[in-house]
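Dear colleague,

I am passing on the structure we spoke about, and would be glad if you could look it over. My notes on it follow below.

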Amino acid sequence: MKDLTKYRNIGIFAHVDAGKTTTTERILKLTGKIHKIGEVHDGASTMDFMEQEAERGITIQSAATTCFWKGNQFNVIDTPGHVDFTIEVYRSLKVLDGGIGVFCGSGGVEPQSETNWRYANDSGVARVIYVNKLDRIGADFYRVVGQVKRVLGAHPLVMVLPIGTESDFVGVVDLLTRKAHIWDDSGLPENFKVTDVPADMVDKVEEYRAALIETAVEQDDEVMEKYLEGVEPDIETVKRCIRKGTIDLAFFPTYCGSSFKNKGLQLVLDAVVDFLPSPPEVKPLPEVDAEGNETGEFAISDPTKPLRALAFKIMDDKFGALTFTRIYSGTIKKGDTILNSFTGKTERVSRMVEMHADDRNEVESAQAGDIIAIVGLKNVQTGHTLCDEKNPATLEPMVFPDPVISIAVAPKDKANAEKLATAIGKMVQEDPSFRVETDEETNEMILKGMGELHLDIKIDILKRTHKVEVNVGAPQVAYRETITKPVTDSYTHKKQSGGSGQYAKIDYTIEPGEPGSGFIFESKVVGGSIPKEFIPAVDKGFKTSVDKGPLAGYPCLDFKVTLNEGGFHAVDSSNIAFEIAAKAAYRQTMPKCAPQILEPMMKLDVFAPEEKVGDVIGDLNRRRGMIQGQEPTPGGVRVKAEAPLSAMFGYIGDLRTMTSGRGQFSMEFSHYAPCPKNVSDEVIKAAKEREEAKRK
């Protein structure tokens, strides 16, 4: 049986261009997993193995690999940085025990770093911070540490100080040992020497070391008492305290270096071993019942306990469907039959593989703490729990955000139509934030995603990976509707056409709810004017109607229906009669409630050179953007804003034109907000034209 204390399940996450994939490549080289480093900018990195990743120089899907450092097994996941693929970060963090948050030495804490950090906080993942690219112009380790405190509200525990800046960056001082690690110019990671602290840094090292020790000893009352009496703890004791604080998320050990120049990474790998938790040290995952409520049972990290595993990613490749699985407790052996607690069906484990990007290594068994891929499971989707069939359980599932943008696609001919259905089926399984609907009347497929780039990549995968030729429509915004005025109303459903009839009477109030409250149903019926067994049918009738709003047929958000009174017939009343009454009541009353169209508002973070900021802000104002702040950075200015998604199509091209190619931006969904009347009128008009076209 493997020693679980020697396991580290870690993810590497950051903003686009902070150097995550380059850092992962260096880790693989240092741990002996690969012998030739592939560069992202050459499209040759090991972890970015999709054609689209190599071309664009970005990570699109998380990739997994296993490597070893000083007798410890690292299961590493390299995640994307682009905001359209945050879902990959979210689901990876869900199954990891620790992470390395990579920040760019010159860019600092960028918008996507904030989102990823928030996800990691939500998942309770312990992290070390690595400030990369210190060899770049404008790089400043101390500024980035300040941003981590200010922007992320986190406590970075500085473990090393950089020696030299920008092109003069040569190495780091380890504060615990008071030793300098200096690399030569060969670019080889192993070519470094350990020397005394440079004379001009001694005072700074002592200042930061004292702060480090003071923060660490706060984790242990006994050690702290001795420290206050003047007894400094030994390095092993300090490391133990840092480990406890890191696992408790009290602070985040912070390192620096240059992955591209191979400087500083060995200390980060040591920190993963010293400070990040092994599977038994992580808070066990709660088990839940069918409604999603915790049962009080937990998946304890122990190979001898019943099997509890979570499928966190499905990937289709030339060998068949791969289900990436994190095993929380128990053991899986080749040939075992396991239960999918979501579907209630069993599956046979015919093959299991340990992944190294897109290579694989067959294994006979895997146990608690392992991250493996199971080949050929039929009905498993992301977030499903795999468990012991004699001892079933469900782990806390994953929750994915709703898409905000859609495009229509149609196959170019009949041959492509069959291929399209198969390809889309596989793609939906792989990516839970990608949804597909078919418009019954026009026969078009509506693809829904998290942003323009997200859908752009999906079309590219359809064409290149699945060889499907499609015609693509213009992007459409996922509008919503809501109401602004309460109305009390009544509806009676009567039908008599020979034999038994149908009768249901309901008196109800429809009123606006709090933003984000969704649909709420409440019954205030007393005294049996409607028998109890019919009330759920009224709830169901309203609930199934919310997908079609009164103005333009978009889903309706945030309103409450209260059932006040009603009437029934001893013979003619039934569940179906009350459900029909509720559906008709929705259609009758919603138009009276002053409905309005809501549009998705996006959170924008735009980087522009200083001399172009005025142009960028003027352009955002024209797009109905609200400027929320500006922050100077070494290379320009970051503008934070909110703008409606409908005004942001094609923005990257306009931004590049305005800034001579130097501007960058990231955008993620923020909330739904009411449309101005002119926009709302256009949306309603377009919806009516679509309906008209369908009728013809």
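At what angle do helix H10 and helix H11 pack, and how far apart are their axes? Please bear in mind throughout that this is a predicted model. Helix H10, residues 414–430, packs with helix H11, residues 452–464, at an angle of about 130°, and their axes are 11 Å apart; because angles over 145 degrees count as roughly antiparallel and those from 65 to 115 as roughly perpendicular, the two helices are oblique to each other. Their crossing is right-handed, and the contact is made by Leu420, Ala423, Ile424 and Met427 on the H10 side and by Lys458, Ile461 and Leu462 on the H11 side. Of these contact residues, six are nonpolar, one is charged and none is polar.

Turning to the nonpolar cores, the largest has 65 residues, and those with the most contacts inside it are Phe74, Ile100, Phe103, Phe141, Met159, Ile242 and Tyr255. Helix H9, residues 265–275, supplies the largest share of this core, with eight residues. Leaving aside neighbours within four places in sequence, Tyr255 is in contact with residues including Phe141, Met159, Leu267, Val268, Ala271 and Phe275. Another core, of 47 residues, lies apart from the largest one and has Ile424, Leu447, Leu453 and Ala687 among its members.

Finally, Lys179 lies in strand S9, residues 179–183, and counts as partly exposed because its relative accessibility is 33%. Not counting residues up to four places away in sequence, Lys179 touches Val172, Val173, Asp174, Val194, Thr195, Asp196 and Val197, while its C-alpha atom is separated by 10.0 Å from that of Lys193, 14 residues apart along the chain.

With best wishes

Methods. Residues numbered from 1 in each chain as written. Predicted model: local features only at pLDDT ≥ 70, side-chain atom pairs only at ≥ 80, totals over all residues. Heavy atoms only, no water. Axes fitted to C-alpha atoms, helices over the stretch in contact; angles between N-to-C directions. Helix = DSSP H or I, 4+ residues; strand = E, 2+ residues; numbered from the N terminus. Parallel < 35°, antiparallel > 145°, perpendicular 65-115°, else oblique. Left-handed = near helix turned anticlockwise from the far one by under 90°. Contact = heavy atoms within 4.5 Å. Nonpolar A, V, L, I, M, F, W, Y, C, P; charged D, E, K, R; others polar. Core = buried A, V, L, I, M, F, W, Y, C linked by side-chain atoms within 4.5 Å. Buried < 20%, exposed > 50% of the residue type's maximum accessible area, 1.4 Å probe, protein only.
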